[in-house]
Amino acid sequence: MVGGRVAALCLWLSWGAAAGQLEYSVLEETEQGVAIGNVAADLRLPAAALALRNFRFLSSHGEPYFGVDPANGSLVVREPADRERLCGAKATCVLTYELVLEGPLELHKMRVHVLDTNDNSPLFPAGNVQLHIPEFLTSGARFTLPSAQDADEGSNGVLSYSLSPSQHFRLDMGSRVDGSEYPELVLEKALDREQFATHRLVLTARDRGRPARSGDAQVTVIVVDTNDNAPVFEHSVYRTKAAETTPNGTVLFRVQASDPDEDANGKIQYSLSNSTRAELRHRFHVHPRNGEVRVAASLGPPETLLEAYVEARDEGAFSLASTAKLLVEVTDVNDHFPEVNFVTLSSPVPEDTAPGTVIALLSVRDEDFGPNGRIICSLSGGGPFQLKPSFDNYYSLLTDGPLDREQISEYEVLIIASDGGLPPLSTRKTLTVSVADVNDNTPSFPQEQQELFVAENNGPGTSLGRVFAQDSDLGENGLVFYKLLDISSEEPPPSSLVMVESSSGAITAKTSFDFERFKGFSFQVEARDGGLPPRSATVTVDLFVVDRNDNAPVILFPLPRNGSVPVEILPCSARTGHLVTKVVAEDADSGANALLSYHISQASDYSLFRLSANMGELRTARPVLPTDAVKQRMVIVVRDQGDPPLSSSITLGVLLSNSAPQVLPDFEDAWEAGQLSTQNLYLVIALACVSFLFLSCLLSFTCIKLSQHSSCCSQNCCTVCCCSPEEMGYGRRMALNPCITSATIDVTTVERLSQTYLYRASLGLGSDNNSLLVRGEYSAADLRNLATGIGLNLPISCIQIWSRKGDTENVNAMPRQPNPDWRYSASLRAGMHSSVHLEEAGILRAGPGGPDQQWPTVSSATPEPEAGEVSPPVGAGVNSNSWTFKYGPGNPKQSGPEPKKQTQVSFLLRRKGEASQPRQ
């Protein structure tokens, strides 16, 4: 039977599909699980598409009476629906549902008509009825009976009445001006109270349903005698309108009835009739005397029609009553704010979303009716959005322009819903729309070209700088990676020279750079983000190698040949400014590191030459003098301006000659002593050790000899007697030393010496222990006399003078036989006279306070020192006061008679006026 009913609804389905919405009909109280239609088929969709498109079944009712089976798309009954409970007395009962599909978003409206079934029996609200009928009434008298109520609709709610058989009464139907009918009890035969004081009748109400349902009411007729007129209302139907918010106590009606009877039979009392539904009785109050009908409770929802009955009854012994119908239309009041609900929302929205894309679907609702429930929505607050109405009370929020997350990442969309009431009520709802990032920004460098600088000779791994690109996207789209591009055809490729760190952009060197070979290069670095697809940008990096002073100047001219000192010939007639030579040098560095200056570091004669600091031209500073040495030697230093400066030097020899000699003299022996090699150092140390041993033996031997000779005592005593008291005291102190005696002699007779020097002499006289103290200035002849006076019968040529560095050192010299064939060294070509003659140029020229100069030993060029040489000590400067003089034959291989006495004289040259400390 249910299947037949569903099949009968095909006409409804076809009409609903054509109208753009789905409509179904179902009988009330249909059992659970019964299918009443196929939503998927009616939407022309396969059943599987419902789940894929996130099908949702939205209902505004509290209980889910119907549902959609996702397996086959059928609309099934989830719970039996009671039409009378859902719709009450409405003519039609329609339930509205919304069907939502996504991808793309679709919204369909579905209406389900709940059809009435005859499931309610007629019911008399008043129950049993009791009538008082005077006996004097004639036939034809009518008595109104209560109407039965049937909650069903249509034919199921149309009632017919019947009365149990009676010879006194029959049932008739009365009608009102509105067309409604009601049962009336008609007196067929006059009553006889003495026969029947009470008549019990059964009033039956039957509907027209299939099967029909009926309801009974017991009608009890009490026969009375008297009051024969019932009250009569002015109107049978009273109609009015009342707002839903009408306060209690408000008068809705004033009914009026009249009764022609007199006295108590004509006094009327008003009350709600038993025909009024029980749920409406508490809403109204009827004044029993004046007939005012007042509001006693809330009238209920608007747009409803309330139907009540008022009764007018007289106060006769056998009261008569009549009823009037009250109709109250409840009108709406704008007392509800609009409601805004979001059905669906797509957030965040990608920033590349095209204009016109639906990002939200919202529904608006107002519980008011009519204009009060008519809602208008609008947007406020700006932003690329628009609000477009869909159907009924649904609106779509669409994009109205491009979105850019980098400019605005989030929008606050204000939706205002206003109704049409007076005054209008509005609701504001804020919707937060987040903009999702897409990779639409390319990494950007601050500059298209970047310069880096690195000093040459850097180590591998040296940080050169970094490149930085900025990407305004988020997450992986804004994460920048760096890569060195090998697109240049230059050799070597940039990847072999530098390395770029992928995450930070730090650039480091992979090798050491040489400015002289590689002054710079360019390469490109690519910045690529992590988006899909990735975006990239490039920057050109110019790397410049900064020069360092790592190359010493190279002297190009003059150059030594075969390891010999280059020699330039200077005419003896050269005047001031004569160009001797030009030193040419170059430096592989650049800038200040290659700016060269020329200086004379060492020279035989500083006053003879000057060197141009910038040009390197060597010129004479004065005319050449006859006294100038023939062989001039100098060291020229070429120095750059770097930090620290580097220099190169060359030794140059200048020969003073008017013509070029066939064989150039040797310039290698000029300053050999000034540069003490390791081998010479070892020789000096060995010589010092041997001399110390020899001196120790000699001192021991001298002490022994002095103790054996007593003849020297008288001579020493005489000498002491001739001395001053101070000298005698010094002689006593010297006598405490049994080995050596000392004498101090100021020598001023040495010619060509620029200063006066003090010589301290130590004389040993065999084994004599006495001391000799001599003070004064002596010439060479005085020395000879001094030697004769103290008993040294030796020629002056046998006296050797050695330098001393302190009073604690004594050097013994064995006297040698004079050699008639002795020669002077090259440094003493000026000759010697009666005393020591020294050459001014380069030997004793510097005065007090002059610069210290390293001097080579003059006689180092010869295998053996010649007699008559003068040699400065190794390492002594111009200001040195110690010199070594040797007079006499210098050939140790010559043999001679061993003298009986040995005399050792040691002179220490001092400037005149310098104090001499007495020996302790």
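Me: Before counting anything, what counts as a helix or a strand here?
Reply: Helices are DSSP runs of H or I with at least four residues, and strands are runs of E with at least two, numbered from the N terminus. The model is predicted.

Me: OK, how many helices and strands are in the protein?
Reply: The protein has 11 helices and 53 strands.

Me: And how much of the protein counts as buried?
Reply: Of its 920 residues, 43% count as buried. The protein exposes about 47400 Å², and carbon and sulfur atoms supply 52% of that area.

Me: What share of the contacts comes from residues 24 or more positions apart?
Reply: Such residues account for 68% of the contacts with a separation of 6 or more.

Me: Let's go to S31. Which strands does S31 pair with, and in which sense, parallel or antiparallel?
Reply: S31 covers residues 426-436 and runs parallel to S25, residues 349-350, with 2 bridges joining them. S30, residues 410-419, is antiparallel to S31 and is joined to it by 9 bridges.

Me: How do S8 and S14 pair?
Reply: They pair in the parallel sense over 6 bridges, with S14 spanning residues 214-224. Valine 129 stands opposite valine 219 in S14.

Me: What holds paired strands together in general?
Reply: Strands of a sheet pair through backbone hydrogen bonds, either parallel or antiparallel.

Me: Now the surface. Which residues make the nonpolar patch?
Reply: Val554, Leu556, Phe557 and Val584 make a nonpolar surface patch of about 310 Å². Strand S39, residues 554-557, gives the most to the patch, with 3 residues.

Me: Where is valine 584 found?
Reply: Valine 584 is in strand S42, residues 584-586.

Me: Why does valine 584 count as partly exposed?
Reply: Because its relative accessible area is 34%, and partly exposed lies between the cut-offs of under 20% for buried and over 50% for exposed.

Methods
Residues numbered from 1 in each chain as written. Predicted model: local features only at pLDDT ≥ 70, side-chain atom pairs only at ≥ 80, totals over all residues. Heavy atoms only, no water. Pairing = 2+ DSSP bridges. Patch = residues over 30% accessible without salt bridge, like charges linked within 9 Å, V, L, I, M, F, W, Y side chains within 5 Å. Areas by Shrake-Rupley, 256 points an atom, 1.4 Å probe, with all protein chains shown as cover. Salt bridge = Lys/Arg side-chain N within 4 Å of Asp/Glu carboxyl O. Buried < 20%, exposed > 50% of the residue type's maximum accessible area, 1.4 Å probe, protein only. Contact = heavy atoms within 4.5 Å.
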